[in-house]
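Here is a protein model to walk through together. Have the viewer open and turn it as you read.

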Amino acid sequence: MKVALVYPRWDWIEYNGLAEPVGLLQLISSLRNAGHEVEFLDYSFCSKLGDLDEKAAGAALVGVAISAAAKVSRADIVTRHLKSVVPNAVFLAGGAYPSIFPGKTLETIPFDFVLVGEAEDSIVELSDAIANGSDPSDIRNLVYLSDSKLIENPRRPVPADLDALPFPARDVVDYDAYLAGGMSEYGMITTRGCPFNCLYCKPSTDFIFGGNIRYRSAENVVEEIVRLAEIRSVRKLPVFFKDDTITMHPAKWFETLRNLLRNESIELCWHCNSRVDTVSREKIHLMAESGCHCISFGVESGSQKILDFYRKGTTPLQAEQAFKWCREFGVEATANLMIGFPMENEEDLRATYEHLKRLKPDDIIVYFSTAIPGRYIHDWAKENGYLANDTNPELLDPARNRACEVMNMRLPFLNLDDVIHWKRRIERYRSWRKVSSYNNIRHWVAELAHHPGSATKKAYRVIRGFGGRGEDVITK
Ligand code: B12
Ligand code: SF4
C-alpha cells in the first residue's frame, strides 16, 4: 500500500536551523520493512503548495509530522491542501505535538487519527489494517473522535531495545538542498527519553518517550554512521547528536565509539546538548577523542535561586567545572541561557552575566523563558497569574521570542525592557568572546577557507551582536 509521510515545513522561518526529521525517517524504514511503498513529502524547499502533489497521488494513508505548537498552522495548511489532492486517503497526525495534545490536534486539523508516542510499530499496524480493509479502532496508541467523543486507546510500552529499530531512511532526504539551505550537520539520536524533571521542559517529552531513558549501543550507532557515510560518499561526517542528554551514556560508551570509528576509518566531527552534572573530566576527554568538537550545555542561569525554580538540579559551580574540562580538551562549550523567568530580578540577571564571565563560553545562546503548553512552566505561570498570552502560537517558540524580543509571561520584578537590556549585554559579550578567543578565531578562519558563505554569515552576526542584536529579526 502507498503511504505518504509529510514534513509540513511549508513557508516556515526556522529560528533554530534547518534539520531533517529523524523520527519521521525511521517510520519510513519501518513501513518499507513491512512491505509498504512510502513517499516522503518534504515541504522545506517547495515554492508552491502543489509542488509535491504528484508524489502524493495514490496514497491510501497520509501521515503528517507535527513537532511543536508553533508549527500547527503550517501543518494545517499542508494537510488541508493534501486532502484536496487525495480526498479518499486516511489522514493521520503524529510527532511531539499530537503526542502531547491529541485532542487539540484533532479539533484543529481534520485528521482521521492521531498516533501518539513512538510510532514504529503502530504506524505499521495501522497501514496493514487499512491495506487489509480491517477495523483499526483497537490499535494501541490510536486517538480519534467518535461522535465528537475523544477515544484514546491504551498506550503500548515504548520499544525497549533501540538497537532493534530500523535506521532512518536517509536515502529519501535531499541532503544537497539541506546543506545548501544552511544545515551543517546530519542529525542522529543515540538515546530516547530523559530522566530529569526541568520545569520548562517536562513532562512534554514523556508523552512521546515515557519518563525514562533508553540507550543504543555504540556498535549500533557506528553501523548507522557507516551507512550514512556510504550514502553521502564521504569518510568525514559532521553530526549533531540530537539526544536530550547524550552524556547519560557512561564514559565507556564514548571509548567504544572512538575505537569503532577508528576501526572504520571514519572521522566524525560531532556536537551535542548536555547537562553540566552528567559530564566528568574522563568523559569529556573520551568524547573529544571520538570527534566531539562542541557541547551545548543547558546552563540556563547563574543564579542558584532561578536554577532551583527551574528544577534544574545543577549548580553554577558544576557549570564552571564542565567548561574548564572542555577548555582543557579543546572542546568548544556553548552556554544556553534562559532569561526572563517571572521570579527573576535584576540581581539574578546580573549573577547570570557575571557567571558567563567566569565560564568564558565559546558561544552563548540566550533564549527568552517561554511558557509552552504541555510543560510544567505553563501550568505554573497560569496558576500564579503570570501567563500573559496563551493564544498566539507564534509566541511559543523561545528562539523566535529571543529574536523578536517578545515574551508570553508577565514579570513581576522586571520590565520586558530590563530583560532586553540584559539580553543585549549578553549578546555584546558573546561578540566580544568571538573576536577575543583564539579558539574561535582559528575555527572561523578554517570555516572561511572551506565554507565562506556560512563564515560570512557568522561574522555578520558577531558584528550585529556588538549592537546587542544577534540575529536578523524576521516576523511573520
Ligand atoms: C532536533 C529538535 C529540533 C530541531 C529540528 C527538528 C528536526 N527536524 O529534527 C530544531 C532545533 C529546529 C527544533 C526546533 C524547535 N523545537 Co524541537 N526538538 C528537537 C529534539 C531535540 C529532537 C527531535 C528528534 O529527532 N527526536 C527523536 C525522534 C526519534 O523522535 P520524534 O521526532 O519525536 O519521532 C518519533 C515520534 O514522535 C513519532 N513521530 C514523529 N513524526 C511522526 C509523524 C507521524 C505521522 C506519526 C504517526 C508519528 C510520528 O514517531 C517517531 C519515531 O518513534 C526534540 C526533543 C526530543 N527529544 O525529541 C525537540 C522538540 C521536538 N522540540 C520542541 C520545540 C517546542 C521546538 C521549538 C518550538 C522551540 C524549542 N526548541 O523549544 C522549535 C520549533 C521548531 C519547529 N519549527 O517546529 C519540543 C516539542 C514539544 C512541545 N510541543 O512542547 C521538543 C519535544 C523539545 C522539548 N523538550 O519539549 N527542534
Ligand atoms: S531540559 Fe534537558 S535535562 Fe531537563 S528535562 Fe528537558 S531534556 Fe531533560
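How many Å separate the centres of domain 1 and domain 2, taken over C-alpha atoms? The distance between those two centres is 29 Å. Domain 1 covers residues 2–152 and domain 2 covers 185–466; bounds like these come from an automatic or database domain assignment. The two parts do touch: 17 residues of domain 1 are in contact with 23 residues of domain 2, where contact means heavy atoms within 4.5 Å.

A word on the ground rules. This is a predicted model, in which local features need pLDDT of at least 70 and side-chain atom pairs count only at pLDDT 80 or more, while totals for chains, interfaces and linings use all residues. Residues are numbered from 1 along each chain as its sequence is written, chains are lettered from A and ligands numbered from 1 in the order in which they are written, and side-chain values use heavy atoms, with hydrogens and water left out.

Let's start with an open sheet of seven strands, in the order 2-1-3-4-5-6-7 and with mixed pairing. Helices (H or I, at least four residues) and strands (E, at least two) are DSSP runs, numbered from the N terminus, and two strands pair if DSSP finds at least two bridges between them. Strand 2 (37–42) and strand 7 sit at the edges with a single partner strand each, so one side of each has no neighbour in the sheet. On average, neighbouring strands here are turned by 25° against each other, direction ignored. Axes are lines fitted to C-alpha atoms, for helices over the stretch in contact, and angles run from 0 to 180 degrees between N-to-C directions. Helix 6 packs on this sheet and touches strand 1 (2–7), strand 3, strand 4, strand 5 and strand 6; its direction makes about 145° with that of strand 5.

Now zoom in on some pairs. Strand 4 runs parallel to strand 5 (residues 113–115), and two bridges join them; here leucine 92 stands opposite phenylalanine 113. Strand 6 (residues 142–146) and strand 7 (residues 149–152) pair the antiparallel way, over four bridges, with valine 143 opposite glutamate 152. Those two strands make a hairpin with two residues between them, and aspartate 147 in the turn has a positive phi of about 50°. Asparagine 141 also has a positive phi, about 80°, although it is not a glycine. Look for asparagine 141 in the loop between helix 6 (120–132) and strand 6.

Where does ligand 1 lie? Both domains give residues to the shell around ligand 1, so it lies between them. In total, 41 residues surround this ligand, and the closest are Trp12, Ser67, Glu120, Lys242 and Arg375; a residue counts as near if one of its heavy atoms lies within 4 Å. Helix 1 gives the largest share of the shell, four residues. By class, the shell has 20 nonpolar, eleven polar and ten charged residues. (Ala, Val, Leu, Ile, Met, Phe, Trp, Tyr, Cys and Pro count as nonpolar, Asp, Glu, Lys and Arg as charged, and the others, Gly among them, as polar.)

Some atoms come within reach of the ligand's oxygens. A polar side-chain atom of serine 67 lies 2.8 Å from an oxygen atom of ligand 1, and one of lysine 242 lies 2.6 Å from an oxygen atom of this ligand. Alanine 119 uses a polar backbone atom instead, 3.2 Å from a ligand oxygen.

Finally, find ligand 2. Around it are Cys194, Phe196, Cys198, Tyr200, Cys201, Lys202, Asp244 and Arg275, which divide into five nonpolar, no polar and three charged residues. Lysine 202 has another feature: its peptide bond to proline 203 is cis, with omega near 0°. Proline 203 is in the loop between strand 9 (191–192) and helix 8.

Conventions: A polar contact is a pair of N or O atoms within 3.5 Å; within protein, one must be able to donate a hydrogen and the other to accept it, and residues adjacent in sequence count only if both atoms are side-chain atoms.
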